[in-house]
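Subject: Structure for you to look at, with notes

Dear colleague,

I am passing on the structure that we discussed, and my notes on it follow below. Please keep it open beside the text as you read.

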Amino acid sequence: MPRVSKSSSKEYMRNGVTIQPAIPTVGENITVVYDGLLSKSGASHVFARVGFSNNWDNEFDYPLAKTDTGFEATIPVLKSDTLNICFKDCANNWDNNSGMNYSFDITK
């Protein structure tokens with residue numbers, strides 16, 4: 001699974017996906033902001049499916065709150081080297097970055 005680089009980070013932003021801080025650290029909380037395909041298609045509810053490592057360990061669906069700029073949630077960063085995220089709406093439509101998901105390196 002590809003990890004975020006400067007070029008894919010910009011592509012993620014074009015897809016409406018950002019995290020703050022941009023480089024997550026184990027033990028901190030990050031804010032996931034989503035204004036991508038599902039949001040633009042009129043979804044009323046969006047969930048972030050989050051997993052860690054290439055195996056998607058500790059997989060969990062986080063409900064995102066609707067904001068003026070899309071949807072967002074705060075999630076904890078668990079001990080791992082990779083954070084993976086994809087998004088789904090209530091109709092089970094997915095935004096998984098064309099099957100590649102949204103993957104970010106985690107610093108320790």
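In these notes helices (H or I, at least four residues) and strands (E, at least two) are DSSP runs, numbered from the N terminus. Please bear in mind that this is a predicted model, in which local features need pLDDT of at least 70 and side-chain atom pairs count only at pLDDT 80 or more, while totals for chains, interfaces and linings use all residues. Residues are numbered from 1 along each chain as its sequence is written, and side-chain values use heavy atoms, with hydrogens and water left out.

Overall layout

The protein has 2 helices and 8 strands, and from the N terminus on its elements run α-β-β-α-β-β-β-β-β-β. Its radius of gyration is 13 Å, close to the 13 Å that the globule rule gives for 108 residues, so the protein is as compact as a globular protein of that length; the radius is taken over C-alpha atoms, and the rule is 2.2 Å times the number of residues to the power 0.38. Along its principal axes the C-alpha trace spans about 35 × 25 × 25 Å.

I call a residue buried when its relative accessible area is under 20%, exposed when it is over 50%, and partly exposed in between (1.4 Å probe, protein chains only). On that scale 41% of the 108 residues count as buried. Contact means heavy atoms within 4.5 Å, and of the contacts with a separation of 6 or more, 64% come from residues 24 or more positions apart.

Strand β3 and its partners

Strand β3 (residues 46-52) is mostly covered, with 5 of its 7 residues buried. For pairing, two strands count if DSSP finds at least two bridges between them. β3 pairs in the antiparallel sense with strand β4 (residues 57-67) over 6 bridges, and V46 has L64 as its bridge partner in β4. These two strands form a hairpin with 4 residues between them, and S53 in the turn has a positive phi of about 70°. β3 also pairs in the antiparallel sense with strand β6 (residues 82-89), here over 7 bridges, and the bridge partner of V50 in β6 is I85.

Within β3 lies A48, which counts as buried because its relative accessibility is 2%. Not counting residues up to four places away in sequence, A48 touches F60, D61, Y62, L64, I85, C86 and F87. The C-alpha atoms of A48 and N96, which are 48 residues apart along the chain, are separated by 10 Å.

Charged side chains

Side chains of opposite charge can pair when their charged atoms come close. A salt bridge here is a side-chain nitrogen of Lys or Arg within 4 Å of a carboxyl oxygen of Asp or Glu, and by this rule the count comes to 4 salt bridges.

One of them joins D35 and K40, with the closest N and O atoms 2.8 Å apart; D35 is partly exposed at a relative accessible area of 26%, whereas K40, at 61%, counts as exposed. In another, the side chains of R49 and E59 meet at 3.6 Å, N to O. That pair links distant parts of the chain, R49 being in strand β3 and E59 in strand β4, 10 residues apart, and E59 is partly exposed with a relative accessible area of 44%.

D61 forms a salt bridge with K88, the closest N and O atoms being 3.5 Å apart. This pair too links distant parts of the chain, with D61 in strand β4 and K88 in strand β6, 27 residues apart. D61 counts as partly exposed at 25% relative accessibility, while K88 counts as buried at 17%. Salt bridges that share partners join R49, E59, D61 and K88 into one network.

A buried aspartate

What is the place of D95? D95 is in strand β7 (residues 94-95). Lys and Arg count as positive and Asp and Glu as negative, with His and the chain ends not counted; D95 is buried yet has no salt bridge, and the nearest side chain of opposite charge, K40, is 10 Å away. The side chain of D95 does reach the backbone nitrogen of N97, at 3.3 Å. Leaving aside neighbours within four places in sequence, D95 is in contact with N15, Y34, G36, L37, L38, C86, F87 and Y102.

With best wishes

Key. A polar contact is a pair of N or O atoms within 3.5 Å; within protein, one must be able to donate a hydrogen and the other to accept it, and residues adjacent in sequence count only if both atoms are side-chain atoms.
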